[in-house]
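Welcome, and take a moment to look over the sequence and the model shown here. We will walk through it together, one group of side chains at a time.

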Amino acid sequence: QVQLMESGGGSVQAGGSLRLSCVVSGIVYSGNCMGWFRREPGKEREGVAAIGTGAGYIFYADSVKDRFTISQDRAKNTVYLQMNNLKPEDTAEYYCAAAPVGDCYSGSWRNEWEFDYWGQGTQVTVSA
């Protein structure tokens, strides 16, 4: 059974930090693009960051660049999203996802349809 288990969400004040974790089980970790997506209330889900488990290519949405850092621990089949200087507009449900496409690529890392496996989500709330 494939599982992507997110944790680390919570409520913080603006300027604060959180670290999300996503533990992957039930699939071979290598050969995937691991992505973090988020859905703000009333909006469509959007790609936030992605990291390839092969060559390790990394991509960020412009809105989080220089504030968020994606990383991975291959030995633990775990992907992290360190979120610093959080803003109220970062409030959303955050999802971890895996796309079995070898690695992440600049033209496709945001394509939700390529991600076969999704976690249940973890809520991040940032107050002003």
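Which residues are linked in a network of salt bridges? They are Arg38, Glu46, Arg67 and Asp90. Here a salt bridge is a side-chain nitrogen of Lys or Arg within 4 Å of a carboxyl oxygen of Asp or Glu. Before going further, please keep in mind that this is a predicted model, in which local features need pLDDT of at least 70 and side-chain atom pairs count only at pLDDT 80 or more, while totals for chains, interfaces and linings use all residues. Residues are numbered from 1 along each chain as its sequence is written, and side-chain values use heavy atoms, leaving out hydrogens and water.

The structure holds six salt bridges. Arg38 is buried, at 3% relative accessible area, whereas Glu46 is partly exposed at 28%; buried means under 20% relative accessible area, exposed over 50%, and partly exposed in between, with a 1.4 Å probe and protein chains only. Another salt bridge joins Glu40 and Lys43, at 3.6 Å from N to O. Glu40 is buried, with a relative accessible area of 14%, and Lys43 is exposed, with 53%.

Now turn to Arg45, which forms a salt bridge with Glu112, the closest N and O atoms being 3.0 Å apart. Glu112 lies in the loop between β9 and β10 and Arg45 in the loop between β4 and β5, so this pair ties together parts that are 67 residues apart in sequence. The strands named here are DSSP runs (E, at least two residues), numbered from the N terminus. Arg45 also meets aromatic rings: its charged end sits over the ring of Trp118, 3.8 Å from the centre, and Arg45 lies over the face of Tyr95 as well, at 5.0 Å from that ring centre. For such a contact, NZ of Lys or CZ of Arg must be within 6 Å of the ring centre and within 35 degrees of the ring normal.

Trp118 leads us on to the rings themselves. Phe37, Phe115 and Trp118 are linked into a cluster by ring pairs. Rings of Phe, Tyr and Trp (its six-membered ring) pair if their centres lie within 6.5 Å; planes under 30 degrees apart count as stacked, over 60 as edge-to-face and the rest as tilted. The structure holds four aromatic pairs. In one of them, the rings of Phe59 and Trp109 have centres 6.3 Å apart and planes at 10 degrees, so they are stacked. Phe59 belongs to strand β6 (residues 58–60) and Trp109 to the loop between β9 (92–99) and β10 (117–118), 50 residues apart. Trp109 is buried, at 4% relative accessibility. Phe115 and Trp118 make a tilted pair, 6.1 Å centre to centre with 55 degrees between the planes.

Methods. Helices (H or I, at least four residues) and strands (E, at least two) are DSSP runs, numbered from the N terminus.
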